[in-house]
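Here are some notes on the model, as numbered points. Please keep the structure open while reading.

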Amino acid sequence: MAQYWEQLDGVFIALADPTRRRVIRRLGRGPTSVGDLAREFPMTLPSFMKHVRTLESNGLIRTVKSGRVRTCVLNRERLALVEGWLAEQRQIWEERTDRLERLVTDPKENQQ
């Protein structure tokens, strides 16, 4: 269970940066080379590579090198961690609002 939380924390840390979120959004349309990705951002290639390494080390993307070209591919399965966590949170809050609604609208609940 501790590993789950560490992985989830890493994904959220990686997604906390707007540049990395833009990279994820772009890779959602399909794989592309690091060079092509980097051209979309106003920074040096070494600075951009730090973002790529953060995304890759947290499992959000994979890179594959073919010759001199490194291609980035989105790992959609890793985003399922966030989706699962959000679903859990949604369920918790829906249950709480349902209880609150019953408390406000059901006279029997008010007597307890």
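Are Phe-41 and Phe-48 buried or exposed? Both Phe-41 and Phe-48 are buried. Bear in mind that this is a predicted model.

1. **Aromatic pairs.** Searching the whole structure turns up three aromatic pairs. One of them joins Tyr-4 and Trp-5. Their ring centres are 5.0 Å apart and the planes stand at 75 degrees, an edge-to-face pair. Tyr-4 is partly exposed, at 21% relative accessible area. Trp-5 is partly exposed too, at 36%.

2. **The phenylalanine pair.** Phe-41 and Phe-48 also form a pair. The ring centres lie 5.3 Å apart. The planes meet at 25 degrees, so this pair is stacked. Both of these residues are buried, whereas Tyr-4 is partly exposed and so is Trp-5.

3. As background, oppositely charged side chains can pair when their charged atoms come close.

4. **Arg-26 and Glu-40.** These two form a salt bridge, with 3.6 Å between the closest N and O atoms. The pair connects distant parts of the chain, 14 residues apart. Arg-26 sits in helix α2 (residues 18–27). Glu-40 sits in the loop between α3 (34–39) and α4 (45–57). Arg-26 has 15% relative accessibility, so it counts as buried, the cut-off being under 20%. Glu-40 is partly exposed, at 36%.

5. **Arg-39 and Asp-36.** Here the N to O distance is 2.8 Å, again a salt bridge. Both residues belong to helix α3. They are three residues apart, or about one turn of the helix. Arg-39 is exposed, with a relative accessible area of 64%. Asp-36 is partly exposed, at 38%.

6. **Length of α1.** Helix α1 covers residues 2–15, which is 14 residues.

7. **Faces of α1.** Which residues of α1 are buried? They are Leu-8, Gly-10, Val-11, Ala-14 and Leu-15. Viewed down the axis of α1, these buried residues fall within an arc of 160 degrees, so they line one face of the helix. Ala-2, Glu-6 and Ile-13 are exposed on the other side of α1.

Conventions
Residues are numbered from 1 along each chain as its sequence is written. This is a predicted model: local features need pLDDT of at least 70, side-chain atom pairs count only at pLDDT 80 or more; totals for chains, interfaces and linings use all residues. Side-chain values use heavy atoms; hydrogens and water are left out. A salt bridge is a side-chain nitrogen of Lys or Arg within 4 Å of a carboxyl oxygen of Asp or Glu. Helices (H or I, at least four residues) and strands (E, at least two) are DSSP runs, numbered from the N terminus. Buried means under 20% relative accessible area, exposed over 50%, partly exposed in between (1.4 Å probe, protein chains only). Rings of Phe, Tyr and Trp (its six-membered ring) pair if their centres lie within 6.5 Å; planes under 30 degrees apart count as stacked, over 60 as edge-to-face and the rest as tilted. The expected span of a helix is 1.5 Å times one less than its number of residues. The arc is that of the directions from the helix axis to the C-beta atoms.
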